[in-house]
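Reader: I am new to protein structures. Please take me through this one step by step.

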Amino acid sequence: MSNKLTKILDIKRVKNYPLYMVIPAVFILLLLTIYPFIYLIFVSSHIWPISPTLPRIFLGFGQFTYLLQDPTFIESLQVTIKLMVVGVTIQIALGTLLAILLSTKTRVTSYFTLPFMIPVFISPVVVGLIWKFMFNYDLGILNYLFEIVGIGAVNWLGTPQNAFWSVVIIDTWQWTPFTTLIIKAGLDSVDPTPVEAATVDGASRFQIFRHVTFPSIAPIFTVALLFRTLDAFKAFDIIYIVTRGGPGGSTYVLGYNIWKTAFYQNQLGLAAAMSVIMIIIATVLAFILVRIMKGLLERE
Amino acid sequence: MIGRISRTELILRVSLLVIFFLFFMFPIYWMVVTSLKNTVDIFAIPPKWFFSISFENYWYIMSDDSGFLKKILNSAIASTLNALFTLLLAFPAAYSMSRYKTGGINLLMWFLSIRMIPPIVGAIPLFIIFSKLGLVDTFIALPILYIIINLPFAIWMIKSFMDEIPKEIDESAYVEGCSTTGVIFKIIVPLIRPGIFATLVFCFIMSWNEFLIAYIFTRKEAITAPVGVARFITERQILWGYITAGATLASILPMILLIIFQKNLVRGLTLGAVK
């Protein structure tokens, strides 16, 4: 063992160089993740005000037992999952439709692809603000158009139900391009031969998609699904800008709950305990993603 | 999908594309248009489609009163520094993982799993640590913190570009007496130059757009553009003219970079899954 260690530490040993090249990246990431994580657990067992002069009181698991009975926390967990499931489902469905439309190779579709990428590359803050303006009850362009068409003005952000769906619309606007790009890449790489063979055999277009095209894009489809799920779990920016968790807690997602508890209500310890629970859920989700990605890479 | 398409279907497809196009483009159009209206026109009911262009929002935004240009500059500093830090760490790691399979698939997956951590979770302990070190609201805090977000992306992205260079090229260079450094700088770097630029640009845009971390770790001096725009929402009123002007200014750079580097940027977004 010590022999192995001296070998690894031998700077002149050329075989070590590949290892040395990875070490800075690994070291920095460990420093920025593992140490804070241990510290997070330490903080979560205390009442910990932001101000360093106030006393810190040790509670052990007290905050966790409190959280598991706290209706606000449970509700924010439910809202997060609801937003995640509803949003991602719509984004995947629309993304698939748009990818099919764009993957038909014509001159028009090649011009069309770039504009569809813009939402992903602008700041969620900007996205939230534009939509907040368009959703405005009096000034908003959407209510103006709705009145012209005869539907009447909608209180987009005013009722719990509407606010939830408004956030879903904004999230869909920003992230459908992402799912589209991934699924389109999958469709573009499908081998045309089996599709042609099936056409010759008289299969319907739906049958071809269901039995030939879909199985070959299934892996990349899963990647889109999982990436979006994990990102939707982190939701914060749009909520902060557009609804601040309201009205009536209808958009009070976990990320916003943690931020508010820590940096607004000044309870870092309680927020740390919430973070620990959040990281456990994220780990389970990430574990599933990693398993699937690993399967994909090993198959190649 | 190639087969013959009937006339009705063609019309259906094109109209669907147009609807999607309007849905995705209109908000951006409306942001730019609103930023060019004067205050009276912005608050006009019904909204004005035609109006005389006014730059009053931009004059205010760019004046010393708003201090917005300083925030744009802060964003540029933080994003540039982060892109450089990230590249310096990612390039050797990606080279080693691409050519020597260092750490194998498990190391690659470990990097991926870092990407999955919700930023707010890291923000609490890191905020306490950075406060103790006196790093909150400094120019170095954000570039360091964004490494957590960007490094996993960058490693996957550069590695996916390197994997496309056949190993035979390296090997023939070695045979001709080239050193490892020579191979890296004379062969790998020139061949993946577009990939390196795309990685830098990708890290730059991600840092440029980031809000949560910037909001928590800056106070006054190091505030970035997204935080600056969000601050135009005040207790008393929402300054839509300034907001849309600020939002437009904050979006111009990412949009230009997207147009130049579009194909390779998508690769970063999807961790190299899309080639």
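Author: Start with a definition. A salt bridge is a side-chain nitrogen of Lys or Arg within 4 Å of a carboxyl oxygen of Asp or Glu. Keep in mind that this is a predicted model.

Reader: Which residue of chain B meets the side chain of Arg205(A) in a salt bridge?
Author: Side chains of opposite charge can pair when their charged atoms come close. Here the N to O distance is 2.9 Å. That is a salt bridge, and the partner of Arg205(A) is Glu9(B).

Reader: Is Arg13(B) buried or exposed?
Author: Buried means under 20% relative accessible area. Arg13(B) has 11%, so the residue is buried.

Reader: How many salt bridges are there between chain A and chain B?
Author: Over all chains, the count is nine. Some lie inside one chain, including Asp231(A) with Lys234(A) at 3.3 Å. Between chain A and chain B, the count is two.

Reader: Which helix gives the largest share of the side of chain A that touches chain B?
Author: In total, 96 residues of chain A are in contact with 92 residues of chain B. The two chains bury about 8,600 Å² between them, 84% of it on carbon and sulfur atoms. There are also 11 residue pairs in polar contact. The largest share of chain A's side, 17 residues, comes from helix α2 (residues 17-44) of chain A.

Reader: Is Lys132(A) buried or exposed?
Author: Lys132(A) sits in helix α6 of chain A. Its contacts include Leu157(A), Ile233(B) and Trp240(B). A polar atom of its side chain lies 3.3 Å from the backbone oxygen of Val242(A). Its relative accessibility is 16%, so Lys132(A) counts as buried.

Reader: Which helix gives the most to the nonpolar patch?
Author: The patch covers about 780 Å² of surface. Among its residues are Leu145(A), Ile148(A), Trp49(B) and Tyr29(B). Tyr29(B) counts as partly exposed because its relative accessibility is 42%. The most, three residues, comes from helix α7 (residues 141-149) of chain A.

Key:
Residues numbered from 1 in each chain as written. Chains lettered and ligands numbered in written order. Predicted model: local features only at pLDDT ≥ 70, side-chain atom pairs only at ≥ 80, totals over all residues. Heavy atoms only, no water. Patch = residues over 30% accessible without salt bridge, like charges linked within 9 Å, V, L, I, M, F, W, Y side chains within 5 Å. Areas by Shrake-Rupley, 256 points an atom, 1.4 Å probe, with all protein chains shown as cover. Helix = DSSP H or I, 4+ residues; strand = E, 2+ residues; numbered from the N terminus. Buried < 20%, exposed > 50% of the residue type's maximum accessible area, 1.4 Å probe, protein only. Contact = heavy atoms within 4.5 Å. Buried area = accessible area lost by both parts, 1.4 Å probe. Polar contact = N/O pair within 3.5 Å; in protein donor to acceptor, adjacent residues only side chain to side chain. Lists of a residue's contacts leave out its neighbours within four places in sequence.
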